[in-house]
Amino acid sequence: MIISEQAVSVPKKREERTAERFVTYIVGLCETPRTRAELRRGLGQPVERCNFLHRYLVPWTHVREDPSKNMHPAAKRAHYAVAALIAARPRVARSALPHAGDSEESAGRMKADLGVSLGQAVSANVIKAATAEGTLHLMSRQSADSVHATLPSLTRQLLSGGVAVDFAVLLDDLAWWDRRRDRIAARWLENYFRTAEPEPDHDPETPSTTEENAR
């Protein structure tokens, strides 16, 4: 029997998102100590003070043929911030690629955002629950400036404690923070509690026997 090529369905490999390609690119640059040191100099700095990063990031943020397609300032700042955060990873965290590879929610999986990382940190006793919750609640009310200022010390604490940070997801969240802060902050908090707290023994939508008897 002859099977035509059209009759055979070959699943395609998931196309890597732009954020993931960027993270992979920065990780590759960081293999060179000098480049890693230059990228690290942008830690906690606005784009205007990241002179040593431009040579590496301008190709990602600007379109020479069509300047109207240049990256939005918030997204541009997010790329510079994440590049510096990756370069500043402690030695113990440099062996693993700092993104999950499949960050989007699928088959019931949570997006591996900052809420998940903080939940894992609490479960691993890297950070106290009160500190993690307080940090998330504070960040949920802050501007992008304050969030960017918080991330260097926070991500270093997580990574030093063996907790992974998905920088591809963080990049997307930072790029959209000014316009979708409430939505992103709500997801961080929800994912934090889903990760840090144990699953309930019963379906929350199903009334318990005690509740039925009390009626």
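Colleague: What follows α7?
Modeller: G162 follows α7, and its phi is positive, near 85 degrees. Helices here are DSSP runs (H or I, at least four residues), numbered from the N terminus. This is a predicted model: local features need pLDDT of at least 70, side-chain atom pairs count only at pLDDT 80 or more, and totals for chains, interfaces and linings use all residues. Residues are numbered from 1 along each chain as its sequence is written, and side-chain values use heavy atoms, with hydrogens and water left out.

Colleague: Where is the kink in α7?
Modeller: At L151, shortly before the proline P152. The kink is about 40 degrees. That bend is the angle between axes fitted to the seven residues ending there and the seven starting there.

Colleague: Which residues of α7 are buried?
Modeller: Among them are A144, V147, L151 and L158. Buried means under 20% relative accessible area (1.4 Å probe, protein chains only).

Colleague: And what covers them?
Modeller: The cover includes α4, α5, α6 and α8.

Colleague: New topic. How many residues are in the largest nonpolar core?
Modeller: It has 51. Such a core is a set of buried Ala, Val, Leu, Ile, Met, Phe, Trp, Tyr and Cys residues joined through side-chain atoms within 4.5 Å. I26, L118, L158 and F167 have the most contacts inside it.

Colleague: Which helix gives the most to this core?
Modeller: α8, with 13 residues.

Colleague: Is T35 buried or exposed?
Modeller: T35 counts as buried, because its relative accessibility is 10%. T35 lies in α2.

How values were computed. Buried means under 20% relative accessible area, exposed over 50%, partly exposed in between (1.4 Å probe, protein chains only). Helices (H or I, at least four residues) and strands (E, at least two) are DSSP runs, numbered from the N terminus. Contact means heavy atoms within 4.5 Å.
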